[in-house]
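Please read the following note alongside the structure. The points are numbered so that each can be checked in turn.

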Amino acid sequence: MRNKTLLIATLALGLAALAALRLGRETPAPEPEKKPLVPPGLLDSAKSLAVKANNKSVTLENSPEGWTVKERFSLPADVENRLLPLVRGLQKANHLGPLTANPKRLEKLGLADSAVTVTAADGKTLTIQFGKQTEDGVGSSARLQGQESAVRTDFTGYLEGDPTSWVDFTLFAAKPAEIKTAAFAWKDGQLAFSRKELGAPFEGKEGQAVEDIVAALATVRASDAAALDDKDAAKAARTAQVKLTLFDGSVATLTFAKLAGATPNDAPKTFVRVEHSDPKHKANALAKKAVFVAASWLAEQVPATLADFRKGQQPAPEAPSPTIQIPGPAPAIITSPDVKVK
């Protein structure tokens, strides 16, 4: 009787364990509840967006002219490469629940180093501090405005606080083939080159050199900007002016001015100004806000003088043929017995 009771009890325990195991398999652990990190629609109607990162901060303002960078003379923001990726990253980001409220752990997350502040059209603001990536690698840790604890997110966007990095420094852009005439003016002379038709090469023996210069100047991007009363810009001496006439009749005039470095080891600084025949062109509006520093590679494409241009067209001197030296003692000269050497 006792053996029968023990057998029944063992069987009952086994069935209970099996049921618990199957129940555990059929009921997965609940995933963390997802909810938007940023309220839907807030970014679409944002009045401004401020980013703090890398010990710098930048404020992007939504004006009638479009998005501009407040700290850089309200120049146009690089919407395509900077603003849109950040906005899309914030729109897709989710709040994945609490991470920690421990003060020591919060300090290690570095939440005070980076932040994004969105200001709505009604003036209300939302600030989100971002810290190090969470241990599960899903995304950055974050702390919402008015809260002490940190939360988990799946935000993986890159934050940049340097205002210069947010500026769209494109002053002029065209396809090289659309440029009909390139006219150069230097202190020591002038030259002009034209195409007979759209897509044709520039005429003249220097045509290929002009093609290379025009290809570089068809898109003019600055590397930085300075105030209109910048002292360096005022001291810079004009080196060259290039007038680009397009087949549609519009004209872009590029003026270059160079300032030598303070010491022989300092690289010179070249300023570029773009004026367009269309009064509404972007370049004319930008010229009223700031003076622009040309990228070094762009400045190098434009000869500083007519003499420099012509010098660049001269063929390089041919290198002398190498002399082959045979190692060892000089060979003895053997003369014919019939030849007398005096």
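Which residues does Thr153 touch, not counting residues up to four places away in sequence? The answer is given in point 2, after a remark on the model.

1. This is a predicted model, in which local features need pLDDT of at least 70 and side-chain atom pairs count only at pLDDT 80 or more, whereas totals for chains, interfaces and linings use all residues. Residues are numbered from 1 along each chain as its sequence is written, and side-chain values use heavy atoms, with hydrogens and water left out.

2. Thr153 touches Leu37, Asn94, Leu96, Val138, Gly139, Ser140 and Ala142, not counting residues up to four places away in sequence; contact means heavy atoms within 4.5 Å. Thr153 counts as buried because its relative accessibility is 0%. Buried means under 20% relative accessible area, exposed over 50%, and partly exposed in between (1.4 Å probe, protein chains only). A polar atom of the Thr153 side chain lies 3.2 Å from the backbone nitrogen of Phe155.

3. Thr153 belongs to strand β10, residues 150-153. Strands (E, at least two residues) and helices (H or I, at least four) are DSSP runs, numbered from the N terminus. Strand β6 (residues 94-100) runs antiparallel to β10 and is joined to it by 3 bridges; two strands pair if DSSP finds at least two bridges between them. Opposite Thr153 of β10 stands His95.

4. Asn55, although not a glycine, has a positive phi of about 65 degrees. The loop that holds Asn55 lies between β2 (46-53) and β3 (56-63), and Asn55 counts as exposed because its relative accessibility is 85%. Ser74, also not a glycine, has a positive phi of about 55 degrees. Ser74 is placed in the loop between β4 (66-69) and β5 (75-76). At 27% relative accessibility, Ser74 counts as partly exposed.

5. Helix α4 (residues 207-217) is mostly covered, with 8 of its 11 residues buried. Among the buried residues of α4 are Val210, Glu211, Ile213 and Leu217.

6. How much space lies in the largest pocket? The volume is about 270 Å³. On a 1 Å grid over the protein atoms alone, a pocket is an open set of points where a 1.4 Å probe fits, with protein on both sides within 12 Å along at least five of seven lines; lining residues have an atom within 4 Å of a point. Of the 15 lining residues, Ser114, Phe130, Gly131, Lys132 and Leu159 lie nearest the centre of the largest pocket. Strand β8 (residues 125-133) gives the largest share of this lining, 4 residues. By class, the lining of the largest pocket has 6 nonpolar, 7 polar and 2 charged residues. Ala, Val, Leu, Ile, Met, Phe, Trp, Tyr, Cys and Pro count as nonpolar, Asp, Glu, Lys and Arg as charged, and the others, Gly among them, as polar.

7. The second largest pocket has a volume of about 230 Å³. It is lined by 17 residues, and Lys258, Thr270, Ser296, Ala299 and Glu300 are the closest to its centre. The lining of the second largest pocket has 11 nonpolar, 3 polar and 3 charged residues.

Key:
Grid points are joined across faces, edges and corners, and a volume is the space filled by probe spheres set on the points. A polar contact is a pair of N or O atoms within 3.5 Å; within protein, one must be able to donate a hydrogen and the other to accept it, and residues adjacent in sequence count only if both atoms are side-chain atoms.
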